[in-house]
Amino acid sequence: MSICPKNKSSKARRDSRRANWKMADATLVKCSKCGELMVPHRVCKNCGAYNKREIIPQED
Ligand SMILES: [Zn+2]
């Protein structure tokens, strides 16, 4: 048997509960190679490096 709410939550109650949901600040770290802000555990968008090594060759 699953959870079964005994009473219906009104729209106002449901919406006021959700009014406190807020987006968390995005975590950004500095690239170990170029120092640009980047999303952690992703290849750097600026220089294409990950873990101090260039993974994606840059054209310029
Ligand atoms: Zn970089």
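Predicted model: local features only at pLDDT ≥ 70, side-chain atom pairs only at ≥ 80, totals over all residues.
A nonpolar core is a set of buried Ala, Val, Leu, Ile, Met, Phe, Trp, Tyr and Cys residues that are joined through side-chain atoms within 4.5 Å.

**View 1. The largest nonpolar core, made up of 5 residues.**
The residues that make up this core are Cys31, Met38, Cys44, Cys47 and Ala49. As members of a nonpolar core they count as buried, and for the chain as a whole the share of buried residues is 10% of 60.

Val43 is found in the loop that runs between β2 (37-38) and β3 (49-50), and Val43 counts as partly exposed because its relative accessibility is 34%, a value between the limits of 20% for buried and 50% for exposed.

**View 2. The salt bridge between Arg14 and Asp15.**
How many salt bridges does a search of the whole structure find? The search finds 1, and in the pair formed by Arg14 and Asp15 the closest N and O atoms are 2.6 Å apart. Arg14 counts as partly exposed because its relative accessibility is 29%, and Asp15 likewise counts as partly exposed, with a relative accessibility of 40%.

**View 3. The chain as a whole, with 1 helix and 4 strands.**
Read along the sequence, these elements follow the pattern α-β-β-β-β. The radius of gyration of the chain is 22 Å, well over the 10 Å that the globule rule gives for 60 residues, so the chain is more spread out than a compact globule. Taken along the principal axes, the box filled by the C-alpha atoms is roughly 60 × 30 × 20 Å. Of the contacts in the chain with a separation of 6 or more, 0% are between residues 24 or more positions apart. The accessible surface of the chain comes to about 6200 Å², and carbon and sulfur atoms account for 52% of this surface.

Key
Residues numbered from 1 in each chain as written. Heavy atoms only, no water. Buried < 20%, exposed > 50% of the residue type's maximum accessible area, 1.4 Å probe, protein only. Helix = DSSP H or I, 4+ residues; strand = E, 2+ residues; numbered from the N terminus. Salt bridge = Lys/Arg side-chain N within 4 Å of Asp/Glu carboxyl O. Rg over C-alpha atoms; globule rule 2.2 N^0.38 Å. Contact = heavy atoms within 4.5 Å. Areas by Shrake-Rupley, 256 points an atom, 1.4 Å probe, with all protein chains shown as cover.
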